[in-house]
Amino acid sequence: MARLEGKVAMITGGAGGIGRAAGKLFAAEGAKVLLVDLDQAALDAAAQEALEVGGDGVSTTVADVSQPDQVEGTVDLALERYGGLDIALLNAGIEGRVLPITDYPIDLFDQVIAVNVRGVWLGLKYAMPAIARRGGGSIVITSSIAGVRGRPGLSAYVSSKHAVVGMMRTAALEGAANGIRVNTVNPSPIETRMMRSLEKGNNPDDPEAVRAEFAAGSPFGRYGDPEEVAKLMLFLASDDSSYITGSVHMIDSGRHAR
Ligand SMILES: NC(=O)c1ccc[n+]([C@@H]2O[C@H](COP(=O)([O-])OP(=O)(O)OC[C@H]3O[C@@H](n4cnc5c(N)ncnc54)[C@H](O)[C@@H]3O)[C@@H](O)[C@H]2O)c1
């Protein structure tokens with residue numbers, strides 16, 4: 001049997017690199033999937049890809065995860081369209097800019113925190129009651145290797161990715177009585193738009209050199225693929241991980257073991 005048969009999943013950042021791969025895999029494993037992102041055209045493309053493997057159980061909605069009414073509306077939509085919610089993949093995120101703390105714009109710091117921290121918190125706030133009504137389920141939060149390590153120039157992003165680890169631990173403890181598992185997935189560099197932006201941010205004149213440096217920092221000598229991250233997300237979203245909650249799951253080819 002497919003591993004998510006009968007489950008309903010919402011995926012924020014569902015039109016981006018990792019969210020899109022997860023949407024496709026979750027749909028292929030039998031889930032009804034609601035993809036959530038900022039841009040309808042990008043969502044349509046992601047949904048089309050997922051529909052090709054997942055039958056008719058894929059739909060989309062435009063919402064900004066930093067806005068309470070829009071996150072609440074997204075959960076309501078999942079309930080309306082699919083009759084419940086079992087899985088929330090809280091994955092939307094922004095990288096901000098690469099600048100030292102002393103030069104970092106305050107409004108950009110607030111923006112990164114609004115999407116990456118408040119956005120995840122709002123996802124928990126509105127998804128947890130819905131998942132509880134199903135008798136439990138799984139919430140997966142996309143943190144990062146930046147959730148366990150510092151990185152010069154990325155103070156807002158690093159702060160945000162550390163913050164959601166603490167949030168995950170608290171939510172796991174609060175959700176346990178209702179059968180809600182909560183975990184983070186913590187990738188090192190993955191082949192998506194976000195890394196192209198960070199490569200440029202680190203060295204606008206030679207982003208390729210930054211890419212080579214990042215790849216060399218991986219014991220496997222390469223970036224990960226979004227599909228590799230999606231497979232870990234699938235495991236955590238599915239009942240295969242029924243005794244796993246409150247945990248940080250590195251997916252980094254051993255980078256942080258160094
Ligand atoms: N790519 C990497 O190397 C890497 C590594 C570790 C963690 N991550 C995390 O993985 C997650 C997915 O990133 P990605 O690599 O797929 O990048 P991406 O930029 O391709 O995807 C992020 C998606 O989030 C969406 N988004 C941004 N702000 C939003 C908002 N306010 N409301 C709704 N959607 C919003 C974007 O439109 C985009 O589609 C992010 O949380 C990112 O921080 C990425």
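**Strand pairing, domains and ligand shell**

In strand 7, V248 is the bridge partner of T184. The model is predicted; local features require pLDDT of at least 70, side-chain atom pairs count only at pLDDT 80 or more, and totals for chains, interfaces and linings use all residues. Residue numbers start from 1 along each chain as its sequence is written. Helices (H or I, at least four residues) and strands (E, at least two) are DSSP runs, numbered from the N terminus.

T184 belongs to strand 6, which spans residues 180-187. Strand 6 pairs with strand 7 (residues 248-251) in the parallel sense, over 4 bridges. Two strands count as paired if DSSP finds at least two bridges between them. Strand 5 (residues 137-142) also pairs with strand 6 in the parallel sense, here over 6 bridges. In this pairing, I139 stands opposite V182. The chain passes from strand 5 through helix 5 (residues 155-175) to strand 6, and this β-α-β crossover is right-handed. A crossover is right-handed if, with the strands pointing away from the viewer, the path from the first strand over the helix to the second runs clockwise.

Strand 6 is largely enclosed by the rest of the structure, because 8 of its 8 residues are buried. A residue is buried if 20 or more other C-beta atoms lie within 10 Å of its own, exposed if 12 or fewer, and partly exposed in between; C-beta atoms are placed from the backbone. One side of strand 6 carries I180, V182, T184 and N186, and the other carries R181, N183, V185 and P187. Both faces are covered.

Strand 2 (residues 32-37) is mostly covered too, with 6 of its 6 residues buried. K32, L34 and V36 point one way, whereas V33, L35 and D37 point the other way. Strand 2 is joined to strand 1 (residues 8-12) by 5 bridges, and the two run parallel. V8 stands opposite K32. From strand 1 the chain crosses through helix 1 to strand 2 in a right-handed β-α-β crossover. Strand 2 also pairs with strand 3 (residues 58-62), in the parallel sense and over 5 bridges. Here L34 stands opposite S59. The β-α-β crossover from strand 2 through helix 2 (residues 40-54) to strand 3 is right-handed.

The domain assignment gives domain 1 (8-187 + 225-249) and domain 2 (189-223). Such bounds come from an automatic or database domain assignment. The domain centres, taken over C-alpha atoms, are separated by 23 Å. Across the interface, 10 residues of domain 1 are in contact with 9 residues of domain 2. Contact requires C-beta atoms, placed from the backbone, within 7 Å. On the domain 1 side, helix 1 and helix 8 (226-237) are the elements that give two or more residues. That side divides into 5 nonpolar, 2 polar and 3 charged residues. Ala, Val, Leu, Ile, Met, Phe, Trp, Tyr, Cys and Pro count as nonpolar, Asp, Glu, Lys and Arg as charged, and the others, Gly among them, as polar.

The ligand lies between the two domains, because both give residues to the shell around it. Of the 27 residues around the ligand, G13, G16, G17, G93 and T192 come nearest. A residue is near a molecule or strand if its C-beta atom, placed from the backbone, lies within 6 Å of it. The shell comprises 12 nonpolar, 12 polar and 3 charged residues.

D206 sits in the loop between helix 6 and helix 7 (207-216). D206 is exposed, with 12 other C-beta atoms within 10 Å.

Note on methods. Contact = placed C-beta atoms within 7 Å.
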